[in-house]
Amino acid sequence: MDQRLSVAPVVPHFAAAVREVAGVTAFYAGGSIGSGDYRPGISDLDLVAVLGAPLGRPRRERLRKVHRTIGAARLHCAYVPVTEIADLSVKHVNWAHERMFHRTLSGISRAELHQFGVTVYGPPPGDLVPAVSGEALSEAARVELRGYWTGAVRRSRVWRTDLHVDLGLTTVSRADVTIAEGRLITKREAIDRLPALGVPEELAAEIRRRRAGERVELSEPEIRARAVLVRRIMREQLDRLLQSPA
């Protein structure tokens, strides 16, 4: 077993549990596990299962039961048939946030597998998952920003939550590098460069503390002031990044 998986023993256990149920031929862990940025209990588990054939209804129902039995709240997994893996437009079965739905395997996710992917079983990611060019990766970052985050900045109340503050600012920081340079950086690197995007040092430190598992208490006036500040920064950064040349 790849030693990087030792921080999340549920991954090889889960990979073995779904192998026969879903007809999995290769299983990968992407994101923070491979990059060395994983924080138990804080980071999501971003997993990809490559299938020999599309999932029919009986297999989907059996798979749903496996997920519920494992009960790992932060475990997210995309189930991608090998015959469809080269098509970025096809939506595949996904499990995330305790439910099953369909979505594409994004350019960001594909690039993460090439750069950070950990093989649980099967051939290396590069043997099955087509590479993502720097230009395509930059556009994938723009797509991510145009999706959820452009809608989020229209809603003031969501920026009162630690989740939106931390994830939103980290996302635009990572996207800034990806769009400009066509490469990925870790969340840790993204947090370190937040001051360059106009984020006060004390707010960057607050985000860093939460990522380390520390509880950060704020008063109601501090939460309100932070929400106004972060929403303004997010709006400015989104305007800048989405107007930059493609």
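Here are legends for a few close-up views of this predicted model.

Local features need pLDDT of at least 70 and side-chain atom pairs count only at pLDDT 80 or more, while totals for chains, interfaces and linings use all residues. Numbering starts from 1 along each chain as its sequence is written, and side-chain values use heavy atoms, with hydrogens and water left out.

**View 1. Helix α1, residues 10-22.** Helices here are DSSP runs (H or I, at least four residues), and strands are E runs of at least two, numbered from the N terminus. Val 11, Phe 14, Ala 15, Val 18, Val 21 and Ala 22 are its buried residues (buried means under 20% relative accessible area, 1.4 Å probe, protein chains only). Among the elements they pack against are β1 (24-29) and α3 (57-70). Just past the helix, Gly 23 has a positive phi of about 65 degrees.

**View 2. Asn 94 in strand β4, residues 92-96.** Asn 94 counts as buried because its relative accessibility is 4%. Its side chain gets to the backbone oxygen of His 92 at 3.1 Å.

**View 3. The strands around β4.** Strands pair if DSSP finds at least two bridges between them. β3 and β4 run antiparallel with three bridges; β4 and β5 (residues 99-103), also antiparallel, have five. Val 93 sits opposite His 102. Two residues separate β4 from β5 in their hairpin, and His 97 in the turn has a positive phi of about 55 degrees.

Key: Expected span 1.5 Å × (residues − 1). Buried < 20%, exposed > 50% of the residue type's maximum accessible area, 1.4 Å probe, protein only. Contact = heavy atoms within 4.5 Å. Polar contact = N/O pair within 3.5 Å; in protein donor to acceptor, adjacent residues only side chain to side chain.
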